[in-house]
Amino acid sequence: MVYDGKYYTTKTSVLSDEYRIFYEDTGKYELQGQERFLDKDKINSIIRSLNKTSKQALMKGTAKGLLVHSNNVDEKLLNSDTPLIIICDNDEQCYKYFEKAEGLILKSGSSGLLSHFSAICRDYFSFGHLVSDERSLAKLNKYEGKFISISNEGENLDCQEIAPITKTSQLAEKITVPAMRRIDRILSLDECEKDTVGNKAYNLKRMMNLVKEGKLQDVIIPSAFVLPHAYLERVEKYIAENPKNRFNEDNGIINEIKDYARGVLSNDNIMVRSAFNGEDLEGYSAAGLYDSFGASLERLDLDVINRVLQSKNKPIAVKSRERHGIKDDEIKPSVIIQDKILSDYVFTTYTESPLDKNKLLIEMLITDKSYCRPEPYQITFDKRTGKLAVEKEHEIMTEYIFDENYNILKTTKLGESRFEELLPTLKKLVKNALVLEKEFGKPQDIEGGIKAGQLYFWQARNIVKKTIKH
């Protein structure tokens, strides 16, 4: 903490949210402007007790198994025939349990809850839930080490103890990965086909064409181009010759990419995104398995491209492919280089809500309020009634002032609802999302943003539901 003459000021994280804490020194512990540190755990405990926290279904359904906290999961338990329902502290922690768990309960999470994580829950589990409410967690903790049946199909979590059970045989649906033609040059979106790039890139082309045809209206698809797998083999070979080459910003390959980009993209902020032939397939989304990164075009080197490329070797990706009978050599990575939109809001839209199939669900964050994660706006559109409604407001920042004895002297809520000013753009979002659902022939998971009232879509994929067969 830093003393400014009146308050010590700091930020602290609580349940993956950041809060600004002002500590008032009444003179008893005056330190003449020196740093002072409070007990973070104590502050966290106080703030948790005050906040109304989340209970949010990620995948509606029922799971049966042994309830265990991730801290108590060992290799013996993971390799046993005991079905597990695992409580994880956050979404990053639980990725390693996807192949083992019957269901997951999260205590906190990040913006990944908007898209990748929810998509993975649909693909892997019958049940997934975010529970950061302390009372609800205390009730769940009483079942630690016991076999339970837990369901979120109703309005509330339904949990009850059951007799011990063992795993039933489970077979993942075998996935066919499309073969790719060898193209060893940079491709424009217009040149992308299903047998030259992954579906993520091909779907960008499809959306771009729908804009040109006037079927998608009042929406912009950020400009992009693609490095196909044969072109990326040159990148791998150049780096294999000398690992330091990946940081070289002045070589034939990177200069060719930058020159191409300057003729296509509109600004220096870019996204370097995976577009593998093993992503966004029928019955298999592979969401969250492969990496994407933000970068600067002018300072672009081969390292960031190589990191996307090498994400094919991540343990979670390898295990997932094994589970679905996909051979490693079938994966042909391609990489999208795309304009990054520095949007005011980012959203994921599910044209079939995982919580109610009759509704479209928009989950949206205010970009400059990153401390509010994982509490996004939840906005629904009822396809039967045409009603657009806010189910949950974006959480606003809370400012606390403590004295040196941890007494709260003042609490201030910062921010206000922006739904009304967003309403015209949200209506356009719903209209265009439903057009994509119709044109692509499947419910869609759409990622995008809003900047100065302008709507952007930068990704669309089919919603994939759980593929394990019992």
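Residues are numbered from 1 along each chain as its sequence is written. Because the model is predicted, local features need pLDDT of at least 70 and side-chain atom pairs count only at pLDDT 80 or more, whereas totals for chains, interfaces and linings use all residues.

The secondary structure of the protein chain comprises 10 helices and 26 strands, taken as DSSP runs (H or I, at least four residues, for helices; E, at least two, for strands) and numbered from the N terminus. Of the 470 residues in the chain, 54% are buried, that is, under 20% relative accessible area with a 1.4 Å probe, protein chains only.

An open sheet is formed by 5 strands in the order β12-β14-β17-β15-β16, with antiparallel pairing, where two strands pair if DSSP finds at least two bridges between them. Its edge strands, β12 (187–188) and β16 (292–296), each pair on one side only. Strand β15 (residues 269–274) pairs with β16 over 5 bridges in the antiparallel sense, and Ala295 in β16 is the bridge partner of Ile270. Helix α8 (residues 302–310) packs on this sheet, touching β14 (224–227), β15, β16 and β17 (335–339).

Asn462 lies in strand β25 (residues 454–462). Leaving aside neighbours within four places in sequence, Asn462 is in contact (heavy atoms within 4.5 Å) with Glu282, Phe440, Lys442, Pro443 and Gln444. The side chains of Asn462 and Gln444 are joined by a polar contact of 2.7 Å, defined as a pair of N or O atoms within 3.5 Å, one able to donate a hydrogen and the other to accept it.

How values were computed: Heavy atoms only, no water. Axes fitted to C-alpha atoms, helices over the stretch in contact; angles between N-to-C directions. Buried < 20%, exposed > 50% of the residue type's maximum accessible area, 1.4 Å probe, protein only.
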